[in-house]
Amino acid sequence: AAASAALTGMPCLAGRGADGAPLWPAGLTGSISHSGGQALALVGPSARRAGLGVDIEGPLSPRVAAEIAPVALTPEERACFGTDPVWVGLIFSAKESLFKALSPRIGRRFDFDAARLLPGGATRPPLLCLTCDLAPGWEAGRRIEPVLITHEQGVMTAVALQPRKVAPPST
């Protein structure tokens with residue numbers, strides 16, 4: 001509510017859709033996450049962001065990471081990152097953030113295999129890469145840079161989708 005008020009000049013709360021996802025007031029986009037007594041909201045003007053997604057997850061044990069990896073990670077991700085609990089948590093969370101940002105935008109749900117995390121390098125950050133066509137403008141190969149943060153209480157990730165640029169009309 002405080003973030004919404006700071007952006008709009010008046011207090012407003014997100015509603016809740018039938019699927020449990022937040023319904024933001026006109027002109028705003030955002031995401032909410034909670035885990036282990038922590039809660040986080042990310043809100044911004046929809047004119048500047050096509051979608052925002054945020055997720056927090058508690059730390060994973062090696063056993064839970066090994067159980068989650070075959071569901072949340074693609075074969076390529078498992079080959080690259082294995083079942084390391086921190087990486088499994090980050091990848092799972094990054095895909096949750098992507099889902100929260102993109103699903104309302106395209107009007108449909110998608111699974112964990114719709115994107116994979118490409119490892120970063122010395123001069124480039126890890127990127128999410130769509131593995132299938134989800135909607136016009138969101139085709140296989142499109143890359144999205146997530147924010148990936150690890151901390152004592154687990155992981156936090158965020159995704160900010162850029163609005164699609166529309167070409168000016170020709171004269």
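The legends below accompany several close-up views of this predicted model.

Residue numbers start from 1 along each chain as its sequence is written, and side-chain values use heavy atoms, with hydrogens and water left out. Because the model is predicted, local features need pLDDT of at least 70 and side-chain atom pairs count only at pLDDT 80 or more, while totals for chains, interfaces and linings use all residues.

**View 1. Thr-29 in strand β3.** Here we look at Thr-29, part of strand β3, which covers residues 28-35. Strands (E, at least two residues) and helices (H or I, at least four) are DSSP runs, numbered from the N terminus. Thr-29 counts as buried because its relative accessibility is 12%; buried means under 20% relative accessible area, exposed over 50% and partly exposed in between, with a 1.4 Å probe and protein chains only. Leaving aside residues up to four places away in sequence, Thr-29 touches Trp-24, Leu-42, Val-43, Gly-44, Pro-45, Ser-46, Arg-49, Gly-51 and Leu-52, where contact means heavy atoms within 4.5 Å.

**View 2. Leu-13 in a loop.** Next comes Leu-13, found in the loop between α1 (2-8) and β1 (15-16). With a relative accessible area of 66%, Leu-13 is exposed. Not counting residues up to four places away in sequence, Leu-13 touches Ala-1 and Pro-25. Its C-alpha atom is separated by 33 Å from that of Val-86, 73 residues apart along the chain.

**View 3. Helices α2 and α4 packed together.** Helix α2 (residues 62-72) packs with helix α4 (residues 85-106) at an angle of about 40°, and their axes are 9 Å apart. Axes are lines fitted to C-alpha atoms, for helices over the stretch in contact, and angles run from 0 to 180 degrees between N-to-C directions. This angle makes α2 oblique to α4, since angles under 35 degrees count as roughly parallel, over 145 as roughly antiparallel, 65 to 115 as roughly perpendicular and the rest as oblique. On the α2 side, the contact is made by Pro-62, Ala-65, Ile-68, Ala-69 and Ala-72, and on the α4 side by Pro-85, Val-88, Ile-91, Phe-92 and Lys-95.

**View 4. Pro-85 of helix α4.** Staying with helix α4, we turn to Pro-85. Pro-85 counts as partly exposed, at 24% relative accessibility. Not counting residues up to four places away in sequence, Pro-85 touches Leu-60, Ser-61, Pro-62 and Ala-65. Pro-85 and Ser-46, 39 residues apart in sequence, are 34 Å apart in space, C-alpha to C-alpha.
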